[in-house]
Amino acid sequence: MNTKTVKLGKFIREQRESKGISQTDLAQLSRTSLNFISQLENGKESVRVSKLVDVLNALGIKIKVSLGKNEIEL
């Protein structure tokens, strides 16, 4: 497992739990599957950016991506 995906999964789990949201509810809110959320939180899922953005948006989390001098918010 990649340490970055493990850290990301841990962060998502902590955010989900702090908001009192179940994995099932997060899957529904983000239009993904329960299996995807479980694998994501356990650092086992290779993630498409669009799916990750859907999960983070469902948790109310915004991200910024820096591309050199340019920055975009997702």
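## Close-up views of the predicted model

**Threonine 32 and its surroundings.** Skipping neighbours within four places in sequence, threonine 32 is in contact (heavy atoms within 4.5 Å) with Ala27, Ile37, Lys51 and Val55. What you're looking at is a predicted model, where local features need pLDDT of at least 70 and side-chain atom pairs count only at pLDDT 80 or more, while totals for chains, interfaces and linings use all residues. Residues are numbered from 1 along each chain as its sequence is written, and side-chain values use heavy atoms, with hydrogens and water left out. Threonine 32 is found in the loop between H2 and H3; helices here are DSSP runs of H or I with at least four residues, strands are E runs with at least two, and both are numbered from the N terminus. Buried or exposed? Threonine 32 counts as buried because its relative accessibility is 17%, with buried meaning under 20% relative accessible area, exposed over 50% and partly exposed in between (1.4 Å probe, protein chains only).

Serine 30 has a relative accessible area of 0%, so it is buried. Its side chain makes a 2.9 Å polar contact with the side chain of threonine 32. For a polar contact, take a pair of N or O atoms within 3.5 Å; within protein, one must be able to donate a hydrogen and the other to accept it, and residues adjacent in sequence count only if both atoms are side-chain atoms. A polar atom of the serine 30 side chain also sits 2.7 Å from the backbone oxygen of leucine 26. Leave out the neighbours within four places in sequence, and serine 30 is in contact with Ile37, Asp54, Val55 and Ala58.

**Arginine 31, in the loop between H2 and H3.** Arginine 31 has a positive phi of about 55 degrees although it isn't a glycine. For context, most residues other than glycine have a negative phi. Arginine 31 counts as exposed, because its relative accessibility is 65%.

**The largest nonpolar core, with its twelve residues.** Its members are Ile12, Ile21, Leu26, Ala27, Phe36, Ile37, Leu40, Leu52, Val55, Leu56, Leu59 and Ile61. A nonpolar core here is a set of buried Ala, Val, Leu, Ile, Met, Phe, Trp, Tyr and Cys residues joined through side-chain atoms within 4.5 Å. Not counting residues up to four places away in sequence, leucine 26 touches Ile12, Arg16, Ile21, Ile37, Val55, Ala58 and Leu59.

**Isoleucine 21, in the loop between H1 and H2.** How far apart in space are isoleucine 21 and leucine 59, C-alpha to C-alpha, and what is their separation in sequence? They are 8.8 Å apart in space and 38 residues apart in sequence. Isoleucine 21 counts as buried because its relative accessibility is 16%. With neighbours within four places in sequence left aside, isoleucine 21 is in contact with Arg16, Leu26, Leu29 and Leu59.

**Helix H1, residues 3-18.** H1 has 16 residues and reaches 22 Å from its first C-alpha to its last, close to the 22 Å expected at 1.5 Å a residue; the expected span is 1.5 Å times one less than the number of residues. Its buried residues are Gly9, Ile12 and Arg16. Seen down the helix axis, these fall within an arc of 65 degrees, so they line one face of H1, the arc being that of the directions from the helix axis to the C-beta atoms. H2, H3 and H4 are among what covers them. On the other side of H1, Thr3, Lys4, Lys7, Lys10, Glu17 and Ser18 are exposed. Glycine 20 follows H1, with a positive phi near 70 degrees.

**Helix H4 and its buried face.** Leu52, Val53, Val55 and Leu56 are the buried residues of H4. Down the axis, they fall within an arc of 160 degrees, so they line one face of the helix. Their cover includes H1, H2 and H3. Just after H4, glycine 60 takes a positive phi of about 75 degrees.

**The hairpin of E1 and E2.** Strand E2 (residues 70-73) runs antiparallel to E1, and four bridges join them; strands pair if DSSP finds at least two bridges between them. Serine 66 has glutamate 71 in E2 as its bridge partner. The hairpin has two residues between the strands, and glycine 68 takes a positive phi near 70 degrees. Lysine 64 sits in strand E1 (residues 64-67) and is exposed, with a relative accessible area of 56%. Lysine 64 and leucine 74 are ten residues apart in sequence and 6.2 Å apart in space, C-alpha to C-alpha.
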